[in-house]
Amino acid sequence: MDHKKTKIIKKEIFLYIMLLCFSIYLIISRLGGNEDDDLTYASEVNLVQCELSSIVDGDTIWVIKDGKRTKVRFIGIDTPESVHADTTKNNEYGEAASDFTKSVLKDIDSVYLEYDVEPQDKYGRELAYVWLNPDTSDFDNNCVNALIVSNGYAMAKTYAPNTKYDDKLIDLCKTSIDNNIGLWKEAGFRKLWEK
């Protein structure tokens, strides 16, 4: 075999190896484990900026959206009642959750709403993930839903079809339960969720 043919074969082998390596890289990055996925995903999130009007309770707020006062229920979490019309459903844990949400939003003028599949519930409330700022790359620290759960003031709860962040919220909730964070150190709070 002459030198020229050997050189061509070596180049072809090299190109095949490079193509194989690139293909493996693409497969691995698509399966998860690529840190850049969160950044790409965050840039694709559609947020609606609204003026924060007031806090109803631990998992509900009022905002001014398009010039109208709108009630917003946090997706993927549930806090005990504190302002229910049936006062027998209200309890001290609901008050604590409401106080925590008020403390998180204390100095906030605007929030950013992210909608999932179903934008409203049967009560006419808008359903949203509520962000403190438009940086969605830090879910644990910028999403109010996540802050309430991770600090132990809510149970992560699935409300299909709005399940975009369910895995994250469930993981945060499990961590707060396992570490007795916030209200999870209270036996009465734990009993509320045993039903």
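**Chatting about a pocket and a buried strand**

Biologist: Which strand gives the most to the lining of the largest pocket?

Modeller: That's β3, with three residues in the lining. Keep in mind that this is a predicted model.

Biologist: Okay. What volume does that pocket have?

Modeller: The largest pocket comes out at about 580 Å³. Its lining is made up of 25 residues, and the ones nearest the centre are Arg73, Glu81, Asp121, Tyr123 and Arg125. The elements that put two or more residues into that lining are β1 (48-57) and β3 (68-74).

Biologist: And how many of the lining residues are nonpolar, polar or charged?

Modeller: You get 10 nonpolar, five polar and 10 charged residues in the lining of the largest pocket.

Biologist: Back to β3. How does β3 pair with β6, parallel or antiparallel?

Modeller: Parallel, over three bridges. For instance, valine 72 has glutamate 126 in β6 as its bridge partner.

Biologist: Which way does β5 run against β6, then?

Modeller: β5 (residues 110-114) and β6 run antiparallel, and three bridges join them. Here tyrosine 112 has tryptophan 131 in β6 as its bridge partner.

Biologist: Is β6 mostly covered or mostly open?

Modeller: Mostly covered: six of its six residues are buried.

Biologist: Which of its side chains point which way?

Modeller: Glu126, Ala128 and Val130 go one way, while Leu127, Tyr129 and Trp131 go the other, and all are buried. In general, side chains in a regular strand alternate between the two faces of the sheet.

Biologist: New topic: how many aromatic pairs turn up in the whole structure?

Modeller: The search finds eight. One of them is tryptophan 131 with phenylalanine 139, edge-to-face, at 5.8 Å centre to centre and 70° between the planes. Both of those residues are buried. Tryptophan 131 also makes an edge-to-face pair with tyrosine 165, at 6.2 Å centre to centre and 70° between the planes.

Biologist: Is tyrosine 165 buried or exposed?

Modeller: Buried, because its relative accessibility is 5% and the cut-off for buried is under 20%. Tryptophan 131 is buried too, with a relative accessible area of 0%.

Biologist: Which residues form an aromatic cluster?

Modeller: Tyr93, Trp184, Phe189 and Trp193 form one.

Biologist: Last one: what lies over the face of tryptophan 62?

Modeller: Arginine 69, at 4.3 Å from the ring centre.

How values were computed
Residues numbered from 1 in each chain as written. Predicted model: local features only at pLDDT ≥ 70, side-chain atom pairs only at ≥ 80, totals over all residues. Heavy atoms only, no water. Phe/Tyr/Trp six-rings, centres within 6.5 Å; stacked < 30°, edge-to-face > 60°. Buried < 20%, exposed > 50% of the residue type's maximum accessible area, 1.4 Å probe, protein only. Lys NZ or Arg CZ within 6 Å of the ring centre and 35° of its normal. 1 Å grid on protein atoms, 1.4 Å probe; cavity = no way out; pocket = protein on both sides within 12 Å on 5 of 7 lines; lining within 4 Å. Points joined across faces, edges and corners; volume = space filled by probe spheres on them. Helix = DSSP H or I, 4+ residues; strand = E, 2+ residues; numbered from the N terminus. Nonpolar A, V, L, I, M, F, W, Y, C, P; charged D, E, K, R; others polar. Pairing = 2+ DSSP bridges.
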